Amino acid sequence: MMKLLLPLCLIALLLLLAAVLVIGTRAMVQDLFMIMCLLVLALNWNMLAGFAGLVSVGQQAFVGIGAYTMFAAVILGGLDPLLGVLLGGVVAMALSVPMAFFTFRLNGAYFAIGTWAVADIARLSFSQWKALGGGTGTSLPKGAAQNMFGVDSVRAMLGLSRAAAVDVMTYWLVLALVVALLVSSWAFLRSRMGLGLQAVRDNPVAARSVGVDPTRLKALVFLLTAFGTGICGALIFIQIGRISPDAAFSLLDWTAFVIFIVVIGGIGTLPGPIVGVLVFFALERLLSDYGTVYLIMLGVIGITIMLFARHGLWGSFIQRIGFDPLPLGHAAPKSDPVS
């Protein structure tokens, strides 16, 4: 019964999220857009750190590369922003190859520091790109987002203004990205490769002894998460409409908050980032008026959860109920009864 109930609840939630465009306000759509974007970043970081054991603090590099590629495609290439979004993901994935070449030679804390250093080098490099505003940044050309492919169709279907239709387009795109990530992650983690990846995370030596190639699996995950993060970065900055190196490569916004979301929700689980992003958004709304106290409170809450709920909120929940509604492993085969 539970196996059927959970998918039905997820489908109902998906339909409700799609219907927000009709029953909700524009502000609600924009809030949900940002929640979905943070969820995409959290799912990608969770795949890296929670399943591949690659604790990166340089994910802001792929957000910035994806966003800058989209701006370059629109401003310098005269392309549609949607095509720029796709190019943003492709370029982020391509640039993750040299990044992996250097950082994969490091382990643990050294890998984390290495990814942060590469991300900062990327920020400094893009700040020298004068055609895109250099250190002060630039804006999308007037009307570029509002003339994006599909906006006219959304306007005709829902009777919205051009600005509201852009919100709807980007919201649908990021919602589709969330669904694609959740489904593909679940399918991948339950496949032989996914089980091999989790084995590498738990014991690389033992995994290698049974034929698993840790480097190949980790590199595959690193490239795919760079692609997803780059696409998400491009979508975020279509909504914002303006870019600068400090905003696009922000360690706090695109990596530190994402790590907080995954850790409090439950690292190494698929529902954990969903729980974490909802808690983070609620805390942000409650505490954002208190300035620096907001960041202090986030730190205190994060430390408290790490001390008293080491598996995160979702991990504590499944420990309390005694079973996992979304298992990623396979049940052991039943042994034949002794005749």
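This is a predicted model: local features need pLDDT of at least 70, side-chain atom pairs count only at pLDDT 80 or more; totals for chains, interfaces and linings use all residues.
Is Asp31 buried, partly exposed or exposed, and what is its relative accessible area? Asp31 is partly exposed, with a relative accessible area of 24%, where buried means under 20% relative accessible area, exposed over 50%, and partly exposed in between (1.4 Å probe, protein chains only). Residues are numbered from 1 along each chain as its sequence is written, and side-chain values use heavy atoms, with hydrogens and water left out.

Five salt bridges are present in the structure, a salt bridge being a side-chain nitrogen of Lys or Arg within 4 Å of a carboxyl oxygen of Asp or Glu. One of these joins the side chains of Asp31 and Arg285, with an N to O distance of 2.8 Å. Distant parts of the chain are linked by this pair, since Asp31 belongs to helix α2 and Arg285 to helix α13 (residues 271-287), 254 residues apart. Helices (H or I, at least four residues) and strands (E, at least two) are DSSP runs, numbered from the N terminus. Arg285 is partly exposed, at a relative accessible area of 49%.

A salt bridge is also formed between the side chains of Asp246 and Arg123 (3.4 Å, N to O). Asp246 is located in helix α11 (residues 245-248) and Arg123 in helix α5 (residues 108-126), so parts 123 residues apart in sequence are tied together by the pair. Asp246 counts as exposed, at 55% relative accessibility, whereas Arg123 is partly exposed, with a relative accessible area of 21%. A further salt bridge connects the side chains of Asp202 and Arg201 at 3.0 Å, N to O. Of this pair, Asp202 is exposed, with a relative accessible area of 58%, while Arg201 is partly exposed at 29% relative accessibility.

Helix α2 (residues 26-51), which carries Asp31, packs with helix α10 (residues 214-240) at an angle of about 165°, and their axes are 9 Å apart. Axes are lines fitted to C-alpha atoms, for helices over the stretch in contact, and angles run from 0 to 180 degrees between N-to-C directions. Helices α2 and α10 are therefore roughly antiparallel to each other; angles under 35 degrees count as roughly parallel, over 145 as roughly antiparallel, 65 to 115 as roughly perpendicular and the rest as oblique. The crossing of α2 and α10 is left-handed. A crossing is left-handed if the near helix is turned anticlockwise from the far one by less than a right angle, and right-handed if clockwise. For α3 and α4, the axes come within 7 Å and cross at roughly 135°. These two helices, α3 and α4, are therefore oblique to each other, and α3 passes α4 in a right-handed crossing.

The loop between α3 (60-75) and α4 (81-103) contains Leu79, which is partly exposed with a relative accessible area of 34%. Together with Leu83, Leu86, Leu87 and Val90, Leu79 makes a nonpolar surface patch of about 380 Å². Patches are made of residues with over 30% relative accessible area and no salt bridge, with like charges joined within 9 Å and nonpolar side chains (Val, Leu, Ile, Met, Phe, Trp, Tyr) within 5 Å. Accessible areas come from the Shrake-Rupley method with a 1.4 Å probe; for residues, only the protein chains shown count as cover.
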